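I opened this notebook to keep a record of what I looked up in the structure. The entries follow the order in which I went through it.

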Amino acid sequence: MVEFKFSEPPVGNSADDISSECQRQLQPIIGEIVRAAAAAGWNQKDVLLAMVDVAWDLYEKRRGDL
């Protein structure tokens, strides 16, 4: 399993800083998922779009909790 190392929010706490830090940690993992799927014959763009759909669904469900 992958370990995520989130500590305090980035300095400034702006959306750009948070997005950059999340991208830094998630990009390698997403890249591995896409490479594994492509090696199995899946279309890379389809896999990335599916990840966007999953992330959006999580966002939409969570928004109601706020």
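I began with arginine 35, which at 48% relative accessibility counts as partly exposed, given that buried means under 20% relative accessible area, exposed over 50% and partly exposed in between, with a 1.4 Å probe and protein chains only. The side chain of arginine 35 meets that of glutamate 32 in a salt bridge, at 2.9 Å from N to O, where the term stands for a side-chain nitrogen of Lys or Arg within 4 Å of a carboxyl oxygen of Asp or Glu. Glutamate 32 is likewise partly exposed, with a relative accessible area of 49%. Because arginine 35 and glutamate 32 are 3 residues apart in helix α1, about one helical turn separates them. I noted beside this that side chains of opposite charge can pair when their charged atoms come close.

Before going on, I wrote down that this is a predicted model, in which local features need pLDDT of at least 70 and side-chain atom pairs count only at pLDDT 80 or more, while totals for chains, interfaces and linings use all residues. I also wrote down that residues are numbered from 1 along each chain as its sequence is written, and that side-chain values use heavy atoms, with hydrogens and water left out.

How many salt bridges does the count come to? I found 2 salt bridges by this rule, and I turned to the one between arginine 24 and glutamate 21, in which the closest N and O atoms are 2.6 Å apart. Both of these residues lie in helix α1, 3 residues apart, about one turn of the helix. Arginine 24 counts as exposed at 52% relative accessibility, whereas glutamate 21 is partly exposed at 24%.

Is glutamine 25 buried or exposed? Glutamine 25, which lies in helix α1, counts as buried at 11% relative accessibility. Leaving aside its neighbours within four places in sequence, glutamine 25 is in contact with Phe4, Lys5 and Phe6, where contact means heavy atoms within 4.5 Å.

I then followed phenylalanine 4, which is placed in the segment before α1 (15-39) and counts as partly exposed at 39% relative accessibility. Leucine 26, in helix α1, is partly exposed at 32%; leucine 26 and phenylalanine 4 are 22 residues apart in sequence and 8.8 Å apart in space, C-alpha to C-alpha. Both belong to a nonpolar surface patch formed by Phe4, Phe6, Leu26, Ile30 and Leu48, with about 420 Å² of accessible area together. Such patches are made of residues with over 30% relative accessible area and no salt bridge, with like charges joined within 9 Å and nonpolar side chains (Val, Leu, Ile, Met, Phe, Trp, Tyr) within 5 Å.

Valine 34 is found in helix α1 and counts as buried at 9% relative accessibility; not counting residues up to four places away in sequence, valine 34 touches Gln44, Val47 and Leu48. Valine 47 lies in helix α2 and is buried, with a relative accessible area of 8%. Under the same exclusion of residues up to four places away, valine 47 touches Ile33, Val34, Ala37 and Trp42.

Which aromatic rings pair? A search of the whole structure gave me 1 aromatic pair. The ring centres of tryptophan 56 and tyrosine 59 lie 5.0 Å apart with planes at 40 degrees, so the pair is tilted; rings of Phe, Tyr and Trp (its six-membered ring) pair if their centres lie within 6.5 Å, and planes under 30 degrees apart count as stacked, over 60 as edge-to-face and the rest as tilted. Both residues lie in helix α2 (residues 44-63), with tryptophan 56 partly exposed at 49% and tyrosine 59 partly exposed at 41%.

Last, I took down the chain as a whole, which has 2 helices and 0 strands, these being DSSP runs numbered from the N terminus (helices H or I, at least four residues; strands E, at least two). Of its 66 residues, 8% count as buried.

Methods
Accessible areas come from the Shrake-Rupley method with a 1.4 Å probe; for residues, only the protein chains shown count as cover.
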